[in-house]
Amino acid sequence: MSGMELTANYTPSKFAADNDLIKVDVVNKYRSAGDIVNVILPQVLSKVSEGVSVLDLCQYGDDLMFAQTHAVPVKEKGIAFPTCVSVNDLVQYISPMLDSDYNLKAGDVVKIELGAHLDGYVATAAHTTVVSTNASEPVQGRQADVVCATHYAHEAALRMLKPGVKASEVTRIVNEIAAYYRCKPVEGTFSSNMKRFVLRAGRDIENRFADDLVVEELEKYDFQIEANQVYQLNIVLSTSEDGKVKAAEQKPTVYQRDVNQSYQLKLKSARAAFAEINKDHTVFPFAQRCLSTNQARLGLVSVAQHGLVNPLVPMRLMRKSDFVAQFKATVLVGADGNLRTTLPLPLPYVHSQYCIPEQTTAAQVLNTPFNLELNAAPAIQPAEATFGEKRLLNDDVEMA
């Protein structure tokens with residue numbers, strides 16, 4: 001289904017039916033997309049080590065997702081969120097080209113985020129690790145603090161993600177746990193509910209309250225979590241004193257189609273880029289390097305200028321000496337319990353100087369049993385891809 005077909009033919013009644021979690025086939029499609037992420041994310045994480053290129057990690061993850069999804073016999077399939085590897089103070093949307101690559105160093109806090117879809121049903125996940133040269137010794141210091149804080153905040157949010165709980169209650173528990181580890185939630189980050197072909201369906205659970213939000217106005221932005229919803233539960237914390245962000249030095253390399261915009265492109269290169277975007281990526285974000293030719297990559301500039309795609313701007317903390325950690329999972333919220341389609345992964349070996357005090361709200365939440373079903377370990381055969389194969393750009397540019 002192309003972007004234009006989604007706009008023209010996807011009726012509200014069909015959209016509602018396609019997002020009904022009572023239907024076994026809908027849940028199974030979410031499970032199958034989760035299987036793919038559960039196979040690929042550990043493969044990418046296994047390549048993280050000192051000296052490894054961020055571009056190589058991103059290319060490897062995307063190659064694996066392309067191969068794994070295209071082995072499934074459904075018409076619509078592919079990358080729902082390109083592999084992004086954001087290091088240290090960088091927050092999100094880092095999927096570099098050759099000229100902005102970075103080689104990992106010891107002590108780097110590495111966040112890997114990716115997503116796949118089958119028939120428009122999405123699974124996304126993110127995990128944080130730390131580059132260590134001595135596997136027998138725990139990482140300590142602020143890297144350890146932010147990893148621990150983010151992990152426990154994610155675990156608490158998982159327990160609170162159930163019908164009847166208010167979004168603001170989840171935000172408060174995330175902020176409470178962050179404070180115990182002297183950390184702050186990152187500005188502009190959130191969990192969001194998803195629908196078929198939609199990564200952000202209009203109900204965000206913020207990781208922090210807006211600085212200018214007054215208590216009297218909270219109710220206007222708050223909502224109760226409901227059953228029959230799918231969430232990408234995304235917790236992003238920092239060692240920053242205020243969690244504020246700004247645009248990173250890196251140019252945007254991740255874009256997403258805006259199906260509400262149209263324009264008659266004139267440049268041949270722009271038309272080539274737009275045709276490839278509609279064919280291979282439809283409504284989902286894509287990395288610039290995934291376009292198949294130099295001509296299409298250059299044409300992307302014109303496509304963006306006319307608003308047909310939007311750049312996802314890389315963000316970073318205000319201080320380069322601070323660190324960001326991220327954990328994200330895809331969760332189907334039910335009336336009687338939740339299904340987590342993307343599985344938890346082993347944590348990096350870290351030791352924080354801080355902890356969550358007993359007899360606190362956060363400790364009570366973390367000690368509360370909850371009804372959570374995990375996707376079964378994927379039985380699919382892992383796809384193969386060559387790691388470290390940087391693409392050579394073809395000299396095929398015609399600007400007509």
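Colleague: How do the residues lining the second largest cavity divide by class?
Modeller: This is a predicted model, with residues numbered from 1 along each chain as its sequence is written; local features need pLDDT of at least 70, side-chain atom pairs 80 or more, and totals for chains, interfaces and linings use all residues. Side-chain values use heavy atoms, without hydrogens or water. Asn19, Leu21, Tyr30, Met194, Lys195, Asn228, Gln229 and Val230 line this cavity. By class (charged: Asp, Glu, Lys, Arg; nonpolar: Ala, Val, Leu, Ile, Met, Phe, Trp, Tyr, Cys, Pro; polar: the others), the lining has four nonpolar, three polar and one charged.

Colleague: How much space lies in the second largest cavity?
Modeller: A cavity is a set of 1 Å grid points where a 1.4 Å probe fits but cannot get out; lining residues have an atom within 4 Å of a point. Its volume is the space filled by probe spheres on the joined points. For the second largest cavity, that is about 40 Å³.

Colleague: What is the volume of the largest cavity?
Modeller: The whole structure holds three cavities of 30 Å³ or more. The lining of the largest includes Tyr93, Ile94, Lys251 and Pro314. It divides into four nonpolar, four polar and one charged. The volume of the largest cavity is about 50 Å³.

Colleague: Why does Glu113 count as buried?
Modeller: Glu113 sits in strand E3, residues 109-118 (a DSSP E run of at least two). Buried means under 20% relative accessible area with a 1.4 Å probe. Glu113 qualifies because its relative accessibility is 8%.

Colleague: Which side chain is joined to Glu113 by a polar contact of 2.6 Å?
Modeller: Polar contacts pair N or O atoms within 3.5 Å, one able to donate a hydrogen and the other to accept it; sequence neighbours count only through side-chain atoms on both sides. The Glu113 side chain makes one with the side chain of Gln326, at 3.5 Å. The 2.6 Å contact is with the side chain of Lys328.

Colleague: How far does helix H4 reach from its first C-alpha to its last?
Modeller: H4 is a DSSP run (H or I, at least four residues) that spans residues 54-69 and has 16 residues. At 1.5 Å times one less than that number, the expected length is 22 Å. The reach in the model is close to that, at 23 Å.

Colleague: How many residues of H4 are buried?
Modeller: At the start of H4, a side-chain oxygen of Ser53 comes within 3.1 Å of the backbone nitrogen of Leu55. The helix is mostly covered. Of its 16 residues, the buried ones number 14.

Technical notes. Buried < 20%, exposed > 50% of the residue type's maximum accessible area, 1.4 Å probe, protein only. 1 Å grid on protein atoms, 1.4 Å probe; cavity = no way out; pocket = protein on both sides within 12 Å on 5 of 7 lines; lining within 4 Å.
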